[in-house]
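The entries below follow the order in which I looked things up.

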Amino acid sequence: MAEMGSKGVTAGKIASNVQKKLTRAQEKVLQKLGKADETKDEQFEQCVQNFNKQLTEGTRLQKDLRTYLASVKAMHEASKKLNECLQEVYEPDWPGRDEANKIAENSDLLWMDYHQKLVDQALLTMDTYLGQFPDIKSRIAKRGRKLVDYDSARHHFESLQTAKKKDEAKIAKAEEELIKAQKVFEEMNVDLQEELPSLWNSRVGFYVNTFQSIAGLEENFHKEMSKLNQNLNDVLVSLEKQHGSNTFTVKAQPSDDTLAKGNKSPSPPPDGSPAATPEIRVNHEPELAGGATPGATLPKSPSQPAEATEVAGGTQPAAGAQEPGETAASEAASSSLPAVVVETFPATVNGTVEAGSGTGRLDLPPGFMFKVQAQHDYTATDTDELQLKAGDVVLVIPFQNPEEQDEGWLMGVKESDWNQHKELEKCRGVFPENFTERVQ
């Protein structure tokens with residue numbers, strides 16, 4: 001019996017709810033058609049508009065804050081991987097290795113602390129703030145339904161009062177339902193009339209606290225991170241001082257397409273190659289005097305390589321010492337040829353000119369050191385660079401200011417440009433050494 005009674009109550013409640021929905025729907029239709037008046041409260045409607053605006057702004061702020069936190073986490077991961085890379089490449093015998101590892105550990109802890117404090121002081125506060133909106137939104141919707149019930153009860157009571165044939169019992173019952181509906185509506189309405197303006201005004205303090213927390217946390221984080229970065233910089237400066245001669249300067253690099261054209265990738269000459277050791281050349285001037293000996297062998301044009309004698313073993317013959325075969329040739333040429341010019345070319349160490357000489361040559365630029373030939377095309381990326389095609393011959397000359405020379409780069413002028421213009425200022429430029437090969 002109890003179970004049947006329970007089922008009966010449940011069925012009756014469902015039927016009552018269905019009837020309420022039908023009555024509300026009918027009342028709304030009549031109000032929209034203008035056949036029934038609607039209770040209006042403009043002040044409350046303004047409060048509802050403010051509530052909806054506040055909810056939209058808060059939801060957006062929560063979404064953006066979560067995005068910010070995700071970005072902080074991503075930056076933490078990127079910073080961690082970068083520090084791990086530094087730890088891997090930092091060789092054990094380099095100074096400051098332990099300090100660099102400790103800085104990396106402190107950086108990781110600082111990122112974790114920053115993220116956690118943002119969650120605790122900003123995101124959780126944001127969630128708590130927005131947590132009150134669903135309940136209030138539900139109550140606003142319920143108030144709207146109760147207002148429709150009140151209007152419906154009021155219209156029903158008025159229609160019974162104005163009927164030609166009055167039924168006092170129905171009028172009394174309608175009046176009772178009207179009073180009940182009005183009481184329920186006014187209780188909810190009064191509560192919301194107090195809460196909504198208070199909630200609207202609370203947004204200012206909430207925004208201030210939230211953004212102050214974020215700004216303060218970010219400020220402290222960057223201060224601490226700045227100290228760690230300064231410490232890391234000091235460690236790297238100490239490392240640079242001990243290995244300063246091997247400092248690498250970034251310069252334009254060949255593209256993948258350019259390297260693909262050659263059979264192998266160009267690379268700087270190894271230690272001990274002609275580009276890294278001084279040499280002595282004996283250069284015969286190309287212009288002949290009027291009484292030159294017919295049998296003398298001299299360069300016919302600037303494009304032909306000059307004869308060179310390299311003294312091996314670091315020992316040079318004493319001044320005036322000559323081989324027997326050279327004495328006659330020297331005496332025969334001395335009366336009709338200009339004096340032989342002996343040029344000692346400067347050594348280059350890692351592409352840096354240590355010393356230079358060799359002025360006074362008529363067929364080559366002042367300070368000419370040696371020739372190279374381009375093995376690959378090189379596209380200039382700056383106004384002070386040479387544009388090279390594979391096969392171009394370049395006359396290498398020293399930098400006017402050796403301190404301006406970057407590692408792996410040479411100064412020179414293309415032989416074709418020099419033969420045509422004879423002007424260094426317009427023709428000279430820098431080019432990557434690993435795109436060329438020494439030919440003289």
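Entry 1: helices H2 and H4. I began with helix H2 (residues 42-89) and helix H4 (residues 133-161), whose axes come within 12 Å and cross at roughly 150°. I kept in mind that this is a predicted model. Angles over 145 degrees count as roughly antiparallel, so I noted H2 as roughly antiparallel to H4. I also recorded that the crossing of H2 and H4 is left-handed.

I then asked which residues of H2 meet which residues of H4. On the H2 side I listed Phe 44, Val 48, Phe 51, Gln 54 and Leu 55. On the H4 side I listed Phe 133, Ile 136, Lys 137, Ile 140 and Arg 143. The residues of this contact of H2 with H4 divide into seven nonpolar, one polar and two charged.

Entry 2: helices H2 and H5. I next looked up how H2 packs with helix H5 (residues 168-242), and found an angle of about 15° with the axes 10 Å apart. H2 passes H5 in a left-handed crossing. I recorded the residues of the contact of H2 with H5 as 18 nonpolar, six polar and four charged.

Entry 3: helices H4 and H5. For this pair I noted a packing angle of about 150° and axes 8 Å apart. H4 and H5 are therefore roughly antiparallel to each other. Their crossing is left-handed. The residues of the contact of H4 with H5 comprise 18 nonpolar, four polar and eleven charged.

Entry 4: helix H3. H3 covers residues 97-131, which is 35 residues. From its first C-alpha to its last, H3 reaches 50 Å, and I noted that this is close to the 51 Å expected at 1.5 Å a residue.

Entry 5: review. H4 and H5 are roughly antiparallel to each other.

Technical notes
Residues are numbered from 1 along each chain as its sequence is written. This is a predicted model: local features need pLDDT of at least 70, side-chain atom pairs count only at pLDDT 80 or more; totals for chains, interfaces and linings use all residues. Side-chain values use heavy atoms; hydrogens and water are left out. Helices (H or I, at least four residues) and strands (E, at least two) are DSSP runs, numbered from the N terminus. The expected span of a helix is 1.5 Å times one less than its number of residues. Axes are lines fitted to C-alpha atoms, for helices over the stretch in contact, and angles run from 0 to 180 degrees between N-to-C directions. Angles under 35 degrees count as roughly parallel, over 145 as roughly antiparallel, 65 to 115 as roughly perpendicular and the rest as oblique. A crossing is left-handed if the near helix is turned anticlockwise from the far one by less than a right angle, and right-handed if clockwise. Contact means heavy atoms within 4.5 Å. Ala, Val, Leu, Ile, Met, Phe, Trp, Tyr, Cys and Pro count as nonpolar, Asp, Glu, Lys and Arg as charged, and the others, Gly among them, as polar.
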